Amino acid sequence: MAGRERLGEPFGERARRRCLINSQIMRKHLPYGRQVIEDDDIEAVVNVLRGDWLTTGPNVDDFEAALAERVNAKFAVSCSSGTAALHLAAMALRLGPNDAVVVPTLTFAATANAALYVGADVIFADVDPNSGLMTSDTLQEALEQSRGRNVRAVFPVHLNGQCADPEEISKIAGTAGLHVIEDACHALGSSYDVSDGTVAFAGECRHSDAAVFSFHPVKTIAVGEGGAVTTNDAALDARMRQLRNHGLTRNPADFANHELGFACDGEANPWYYEVADLGFNFRLNDISCAMGLSQLKKVDRFIERRRDLVQQYRDGLADLAPLLRPIDQKPGNAAAWHIFAVLIDFDRLGCERAKFIKKLRDRSIGSQVHYIPLHLQPLYQDRFGDQSRLAGAETYYEKVLSLPLFPSLSDDDVSYVIEVLHDIVPSA
Ligand SMILES: *Cc1c(COP(=O)(O)O)cnc(C)c1O
């Protein structure tokens, strides 16, 4: 490929670039994201295997306490996945049939599916075409278009790790009487400036009822499959604990059936429990929680590395704008970047995205599209009809591509990706 034959480029520089590009034959495939598992994580898991508990044991409580502390929330309820966490939060807030939930259309299917699981309808909000985030304006638009419906909640998504206008969105939600569940699956460790001069963490729930995290291997920390909900609301915390464990209660104060629950002397029967609600088995096991606890200890190092890598990408790709440019950074946000997303003008480039992805793959570089707007998916179109065009999301979707980002990516790997992109994208 002719690539970037820049006038006046020193010969040595060009030769170095060719060398880098040719060396891809030797290169290991770079996925867009992956876990980093170290010896102490393995040791933590092995210790559980040698111990007494495989399911709910001491590591569950310890992991929940450490997570709550890390995000500055009062409570954390661990569960089997980020999807289960969204479902739990929706159930615990008693969202249900005849209710509607506003969800940004640019997110993973699980965010919207949580509303469907409890029988609620989804109203999709548009997003900013340059950051992919729902804004206070796009939320307002969605609410205006859903007048007459029983809108009860909004699920803002901290896409790529940036927090979506939490303060403004919480104000709008307060006025409209909506619950707020943050989908913070991308944003463990992200924080944002608050107008009172303080800083709040994603998941701290200063501007929401609850926040949801995922510990899937591509996310900031990995436990295999796992998730959690954080909240400052003790009643919500208690309901979620019950719902993740079949809706059971063993608390005598909650027993409805006194004849079955208590002996003649008034003591609660030792075997007795009550199924108070329709719950699920959404528990996270002790093995995963031990791994999560070990991973949480290094989350600051992971986040720092992610931020450093994103800065290297931004510096190295700056001259490719406007054909290729990183997504907009939101002011007042300190994102713990989960994804490094760029916007590419494939039309002006005269190269379809599929071909572009293939060119990268041929050079051992993985990439992915986050996400196909949900209002274009058959499931939601069948249920809610063809929604009106959500232009911001469609513009973002047409251009977006996620490049490799994970803490064990080396500086050399990033330089290599930058060089290959310079070879594929002619500088403007
Ligand atoms: C990963 C993810 C989920 C679901 O998490 P799982 O643990 O995979 O179930 C939900 N929402 C977003 C935005 C995600 O990235």
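Tyr192 stands opposite Ala200 in β7. The model discussed here is predicted.

User: What makes β6 and β7 a pair of strands?
Analyst: Three bridges join β6 (residues 191-193) to β7, and the two run antiparallel.

User: How do you know where the two domains lie?
Analyst: The domain assignment places 2-33 + 298-427 in domain 1 and 39-295 in domain 2. Their C-alpha centres lie 30 Å apart.

User: Why is the link between Lys330 and Asp165 called a salt bridge?
Analyst: The closest N and O atoms are 3.3 Å apart. The limit is 4 Å between a side-chain nitrogen of Lys or Arg and a carboxyl oxygen of Asp or Glu, so the pair qualifies. Between domain 1 and domain 2 the count is four salt bridges.

User: Which elements supply the side of domain 1 that touches domain 2?
Analyst: At least two residues each come from α11 (299-317), β13 (333-334), β14 (340-344), α14 (378-384) and α15 (391-399). That side has 24 nonpolar, 11 polar and eight charged residues.

User: What makes domain 1 and domain 2 count as being in contact?
Analyst: Contact calls for heavy atoms within 4.5 Å, and 43 residues of domain 1 are in contact with 43 residues of domain 2. The two domains bury about 3,600 Å² between them, 55% of it on carbon and sulfur atoms.

Key: Residues numbered from 1 in each chain as written. Predicted model: local features only at pLDDT ≥ 70, side-chain atom pairs only at ≥ 80, totals over all residues. Heavy atoms only, no water. Domains from an automatic or database assignment. Buried area = accessible area lost by both parts, 1.4 Å probe. Helix = DSSP H or I, 4+ residues; strand = E, 2+ residues; numbered from the N terminus. Nonpolar A, V, L, I, M, F, W, Y, C, P; charged D, E, K, R; others polar. Pairing = 2+ DSSP bridges.
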